[in-house]
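Hi,

Here is the structure we talked about. Please open it alongside this note; what I found follows below.

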Amino acid sequence: MAEPFTFKQFTVHQDRCAMKIGTDGVLLGAWAPLHNQPDSILDVGTGTGIIALQLAQRSPAELIDALELDDAAYEQCVANFEASDWADRLFCYHAEFSEFVTEMDAEEYDLIVANPPFYTEQVNSGSLERDAARQESSLPFPNLLEGVAKLLTPEGGFACIIPFSEEKSFLATARTYGLYATKITHVKGNFTAPMKRSLLYLTFEEKQPMVNDLVIEKERHQYTEDYINLTKDFYLKM
């Protein structure tokens, strides 16, 4: 049974979620730009609710919606939201993204975030829920980007984390929906490791993106200053 994950200002229970809390989600929740002072935020495929909770801690946004399709994860997310200090600002919908986009056609968000499934190959972990949470077929990137383009306010932004190897094709697809990267952070585990993830912030404004790198560890369990500075408001030991 997965233990609850205690952060500085909230606790996340995850025993009923197929995908447990990992570095990717915490990175995105800490990194997602808030310079446009979003008043409305949507977290697509929220899982435990970790990213939405981080954004509730970081932002005074009055409306923070989350979306989760899996039954057990949805129920756990709702419980995590209700147990937090920001329960009055957090709401989780039990729906798939395409259905939500269709039904919420008039609703727009200043910030949309997603830690989307990205395993394109068919893997069998023995858990249908975990496989669905990991595999891109449950929310293909073009479907995600099309929905984001419909739900984003004209001045809004979309923050996500994807495999570094998928970045070029992802950004090419994004351009077909009028979305362009304005900030890119490439992430790798240590100084000698290959790039593993891309943190992307997309808007409707086409301009030269700011690009930088983030290294997580100097050596095992010895974190870099950049990583500590990014996550210290959340991790207890940072």
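Contact here means heavy atoms within 4.5 Å. Keep in mind that this is a predicted model.

Start with helix α6, residues 141–151. Its buried residues are F141, L144, L145, G147, V148, A149 and L151. What covers them? The cover includes two helices, α4 (97–103) and α7 (167–176). It also includes the strands β3 (40–44), β6 (109–114) and β7 (152–163).

Now look at F97, which lies in helix α4. Is F97 buried or exposed? Its relative accessibility is 6%, so F97 counts as buried; the cut-off for buried is under 20%. F97 and L144 sit 47 residues apart in sequence, yet their C-alpha atoms are 7.6 Å apart in space.

Next, the aromatics. The structure holds 10 aromatic pairs. One of them is F10 with W86, in an edge-to-face arrangement. The centres are 5.8 Å apart, with 75 degrees between the planes. F10 lies in the loop between β1 (5–6) and β2 (11–12), and W86 in the loop between α3 (71–82) and β5 (90–93), so this pair ties together parts 76 residues apart in sequence. Both F10 and W86 are buried. They also belong to one aromatic cluster, together with F5, F7, Y223, Y227 and Y235.

Best wishes

Technical notes. Residues are numbered from 1 along each chain as its sequence is written. This is a predicted model: local features need pLDDT of at least 70, side-chain atom pairs count only at pLDDT 80 or more; totals for chains, interfaces and linings use all residues. Side-chain values use heavy atoms; hydrogens and water are left out. Buried means under 20% relative accessible area, exposed over 50%, partly exposed in between (1.4 Å probe, protein chains only). Helices (H or I, at least four residues) and strands (E, at least two) are DSSP runs, numbered from the N terminus. Rings of Phe, Tyr and Trp (its six-membered ring) pair if their centres lie within 6.5 Å; planes under 30 degrees apart count as stacked, over 60 as edge-to-face and the rest as tilted.
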